[in-house]
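Please open the model in your viewer and keep the sequence beside it, so that each stop on this short tour can be selected in turn.

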Amino acid sequence: MRTSWSWRTRPSTCPSRSRRGARATGRARCPPPRCRPGRGFRDEVESEEAIARGEKLGDLITSDEFHRLTGPAAAEAERRLAEFERHVQFQGKVVNDPKRLRRHMTRHDPHIYPGQYVTCVHNPHRALCRRDDGGDGPSLTDCQPLRCRNVALSIENIAHLRAALKAHDEELALTDRLAPFVWHRLQARRQELADFLTETVDTDPNTVTENP
């Protein structure tokens with residue numbers, strides 16, 4: 001099954017595509033479309049990423065985790081997922097047809113991006129991250145989860161954040177091996193993360209956590 005358009009199979013519309021056409025028109029041959037500016041390979045990559053993201057969203061919808069999101073954008077995430085489910089009609093099942101899932105993501109993309117530490121409910125007007133490649137969506141590598149209002153947390157996200165907090169505690173215990181300025185910087189980061197979890201997770205009575 002061909003999943004991406006290839007210039008080799010595109011019908012020629014250029015009168016100078018062949019040598020005969022070049023002699024007849026007196027013009028140089030046109031370069032193949034592959035050589036012209038365009039998205040090309042990036043479109044294919046983004047399509048595959050959308051399918052993978054759609055599968056993860058299906059997991060969220062069909063599991064109890066969908067009803068246990070927390071964080072600043074949790075309510076917006078649940079609204080978007082409910083709308084996505086209405087169009088896709090998972091009905092307790094994950095769509096396993098890539099073509100169908102790609103079509104649904106193209107038409108009804110909820111713009112929710114599950115990550116290891118956060119689930120981004122992307123709103124470009126609130127986002128603190130910026131992409132340099134001109135693509136749509138967030139730049140998860142530049143995410144500022146403790147400050148961004150686009151953040152929602154799944155059970156898995158919370159588990160990874162708690163694991164990160166534990167790792168900070170273990171590093172801070174090595175006082176004699178850390179330079180003072182490194183220790184103080186690490187302590188500040190640890191406290192910021194602890195405060196975020198306290199304010200966002202521990203105050204939510206519906207929050208359930210698990211080990212990563």
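Begin by selecting R103, which lies in helix α4, spanning residues 98–108; helices here are DSSP runs of H or I with at least four residues, strands are runs of E with at least two, and both are numbered from the N terminus. This is a predicted model, in which local features need pLDDT of at least 70 and side-chain atom pairs count only at pLDDT 80 or more, while totals for chains, interfaces and linings use all residues. Residues are numbered from 1 along each chain as its sequence is written, and side-chain values use heavy atoms, with hydrogens and water left out.

R103 is partly exposed, its relative accessible area being 38%, where buried means under 20%, exposed over 50% and partly exposed in between, with a 1.4 Å probe and protein chains only.

Next, move to H111, in the loop between α4 and β1 (112–114), where phi is near 55°, a positive value in a residue other than glycine. Most residues other than glycine have a negative phi.

Finally, select the open sheet of 3 strands, ordered β1-β2-β3 with antiparallel pairing, where pairing requires at least two DSSP bridges between strands. β1 and β3 (151–152) stand at the edges, each with a single partner strand, so one side of each lacks a neighbour in the sheet.
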